[in-house]
Amino acid sequence: MGEPMVEFVREPGPGPKRYLRGFGGDVSNAAIAAARQGAEVAFFTALGNDEFGRDILDLWADEGVDASAVLLREDASTAIYFVDPHAEERRFTYFRAGSAASRVTAADVPEAAVRAAAVLHLSAISQAIGTGPAEAGFHAMRIARAAGTLVSYDTNLRLKLWSLDTARATTEAALRLADIALPSLDDARILTGLDDADAIVDAHLALGPGIVVLKCGADGAVIAAGGERRRIPAAPARPVDSTGAGDAFGGAFLARFIETGDPFAAGHYAAAVAAATVSGFGAVEPIPRRAEVEAMLGAAPTELDAAAPT
Ligand SMILES: O=C(O)C(=O)C[C@H](O)[C@H](O)CO
């Protein structure tokens, strides 16, 4: 659950700024990444009943993401954002204040769908967009826990959406309800004030999640689960745009983890998905499908499952 958006990503090159139109929104990126690996995925949010909202519904229909619980509002719009991956520091410009998704409340949460799911996935961005969505997130997480649905939480930090203090407080409270934490190293350094990857993993484990997947970009990932900790190398990439790579890692990780029960093999698989995602422009377009990932890894899924720790 969270906010999908229509994306405008700046094309490379000098002269007037030109943008490629695509799709984004961290949890929608993750949902599509999971669906492209063969998982059964449903999404909950509210969209404006406008052209962008209908385009997002069409995207999900094409990707096999079930949108039957999505609310359509006449009184609010679907959000959009612009991103410049060529700037020294990647910049997002959002047009999302007051969006349909930001008006979701706890009363809107599709409780039966949450109870029926194997995993509920949401993020700090899902909660940063408004107080209603923040409460809706906590409500959904509590319902999930009571029903035995695993809670997965990406601590994606966007300081354009809220203050660091609020982000810290909400993220920490959410991690106390999570089974799987999916922080990125850059965000976690800001949120925790810690520098070292192992110390960051320890800090997340201390809050309660039994599985911590620390996404370290070009340095791969550190995964802690069941008393074990392994470093997962990054897969080879030709990076041009990192937008959505961490989300794609998360979605692919969840899909493979649900399927195999092995968090470390799921991490190796997700690293390949993230490498392909950074090698193309836009958050969604370059996310690879399962056959492409298996070809990249040069291994049948069963061999992949037995991948040795590194
Ligand atoms: O920044 C956000 O809120 C988004 O969800 C837009 C992008 O798709 C996302 O940041 C990529 O991780």
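In strand E11, alanine 181 is the bridge partner of tyrosine 153. Strand E10 (residues 150-154) and strand E11 (residues 180-181) run parallel and are joined by 2 bridges; two strands are taken to pair if DSSP finds at least two bridges between them. Helices (H or I, at least four residues) and strands (E, at least two) are DSSP runs, numbered from the N terminus. The structure is a predicted model, in which local features need pLDDT of at least 70 and side-chain atom pairs count only at pLDDT 80 or more, whereas totals for chains, interfaces and linings use all residues. Residues are numbered from 1 along each chain as its sequence is written, and side-chain values use heavy atoms, with hydrogens and water left out.

An open sheet of mixed pairing is formed by 6 strands in the order E9-E10-E11-E12-E13-E14. Its edge strands, each pairing on one side only, are E9 (119-123) and E14 (228-232). Helix H8 (residues 197-207) packs on the sheet, touching E11, E12 (211-215), E13 (221-225) and E14; contact means heavy atoms within 4.5 Å. The direction of H8 makes about 145 degrees with that of E12, where axes are lines fitted to C-alpha atoms, for helices over the stretch in contact, and angles run from 0 to 180 degrees between N-to-C directions. Helix H10 (residues 263-278) also packs on the sheet, touching E13 and E14, and its direction makes about 15 degrees with that of E14.

Helix H7 (residues 185-192) packs against H8 at an angle of about 70 degrees, with the axes 11 Å apart. H7 is therefore roughly perpendicular to H8 (65 to 115 degrees). The contact is made by Leu185, Ala188, Arg189 and Thr192 of H7 and by Ala197, Ile200 and His204 of H8.

Conventions. Parallel < 35°, antiparallel > 145°, perpendicular 65-115°, else oblique.
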